[in-house]
Amino acid sequence: MMRVREALAGAALCAAIAVPAGAQQLFDLQKVADGVYAALATPRSPINCNAAVVVLDDAVLVVDTHSRPSSAKALIAQIRTVTGTPVRFAVNTHFHWDHAQGNHAYPVAFPKQVAIVASEATRENLRTLGGARLKDQLANTPGQIATLEAELAKATDAATQARLKDEIAQQKDYLAEIKSLELTLPDLTFDKSLIIHRGDRRIVLLFLGRGHTDGDIVAWLPKERVIATGDLLHGWMPYMGDSYPPEWVATLDALGKLEFDRIIGGHGTVKPRAHLTFFRDYLADLIAAVRSARDRGETLDRAKVSVSAALKPKYDAGMSGRFDGSVGDNIEKVYRDLDAKKY
């Protein structure tokens with residue numbers, strides 16, 4: 001266990017923070033507890049993740065750095081509406097592009113002052129997989145732009161045309177930025193836990209087990225009863241491409257042993273503690289339903305239909321309108337894992 005001395009300071013509960021006139025507001029910065037803010041990502045193409053911001057006496061800790069340095073830079077500008085103290089800790093909850101490709105903005109903004117913090121597994125994933133996945137984005141984004149341009153050519157109403165033009169411009173800006181993106185690796189890593197202390201106030205960074213990836217960490221503030229969870233637990237349907245589904249359920253069970261009331265997840269709105277049970281049960285029920293479908297001899301295509309139908313009544317309403325677009329991929333992930341006898 002590693003320990004770092006810092007201090008927490010804060011303000012009030014549940015108020016949105018204004019951004020200076022003329023600045024681009026990419027995040028809705030909301031106070032959720034004393035000295036703790038949720039930076040909720042506004043819709044962008046491609047997406048950004050949410051961040052958690054903890055204001056310290058002489059520093060700031062930020063959880064997750066978004067999909068590109070310009071987004072991290074925009075959040076830094078919003079943080080400066082709350083405090084003039086520098087960011088000293090930028091935490092990566094895991095290695096996915098929309099959570100870690102903005103790392104480089106922090107040492108640029110705060111040279112020789114900021115540590116990029118992650119689990120050792122996340123650092124290794126960024127080192128070995130980050131570059132390849134960036135190349136995939138560089139290869140795939142032009143095709144996505146072409147698809148949008150084809151849709152625009154067919155669009156007839158003004159609202160659709162305006163939406164598509166804006167999305168195309170955002171995608172082109174993103175492509176231009178990532179062509180010169182410098183992936184910045186974490187320089188402070190840990191195995192199980194790292195605690196930032198000041199008196200009776202603590203920020204506890206924890207690796208509780210594999211789940212969404214093999215390196216997910218959470219940032220827990222025991223006194224404030226708030227936890228930032230990245231994509232281990234959030235308000236949308238889970239992406240499961242790099243996941244360990246049964247272990248994910250077990251990791252969420254371990255998370256449930258901590259005392260907290262509010263969840264700042266990697267996507268969606270700030271959630272109450274009850275959302276942990278909802279999200280955990282979705283994963284458990286998904287695994288059980290796919291296993292039953294295979295035991296009945298269903299093909300993957302048939303299982304996608306039957307499992308989706310079984311899960312939708314319980315889970316559709318709580319997944320921010322994203323159930324139909326993601327459940328098929330989730331079913332396929334578990335089905336193929338079972339085919340491979342991974343569990």
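Predicted model: local features only at pLDDT ≥ 70, side-chain atom pairs only at ≥ 80, totals over all residues.

Reader: How much space lies in the largest pocket?

Author: About 950 Å³.

Reader: How many residues line the largest pocket, and which lie nearest its centre?

Author: The lining has 36 residues. Nearest the centre are I47, D98, W236, H267 and R322.

Reader: Which elements each supply at least two residues of that lining?

Author: β3 (36-41), α2 (97-100), α4 (120-154) and α9 (323-339). α9 gives the most, with 5 residues.

Reader: How do the lining residues divide into nonpolar, polar and charged?

Author: 12 are nonpolar, 14 polar and 10 charged.

Reader: OK, packing. Which residues touch the most other members in the largest nonpolar core?

Author: L252, L255, Y282 and L286, out of 39 residues in that core. Elements giving two or more residues to this core are β10 (201-206), β11 (218-221), α6 (245-255), α7 (274-295), α8 (300-315) and α9.

Reader: Which of those gives the most to this core?

Author: α7, with 10 residues.

Reader: Back to L286. What does L286 touch, leaving out residues up to four places away in sequence?

Author: M240, V307, L311, N330, I331 and V334.

Reader: And the second, separate core: how many residues, and which does it include?

Author: That core has 29 residues, among them A38, L40, I217 and A219.

Reader: What tends to happen to nonpolar side chains in soluble globular proteins?

Author: They tend to be buried together.

Definitions and conventions. Residues numbered from 1 in each chain as written. Heavy atoms only, no water. 1 Å grid on protein atoms, 1.4 Å probe; cavity = no way out; pocket = protein on both sides within 12 Å on 5 of 7 lines; lining within 4 Å. Points joined across faces, edges and corners; volume = space filled by probe spheres on them. Helix = DSSP H or I, 4+ residues; strand = E, 2+ residues; numbered from the N terminus. Nonpolar A, V, L, I, M, F, W, Y, C, P; charged D, E, K, R; others polar. Core = buried A, V, L, I, M, F, W, Y, C linked by side-chain atoms within 4.5 Å. Buried < 20%, exposed > 50% of the residue type's maximum accessible area, 1.4 Å probe, protein only. Contact = heavy atoms within 4.5 Å.
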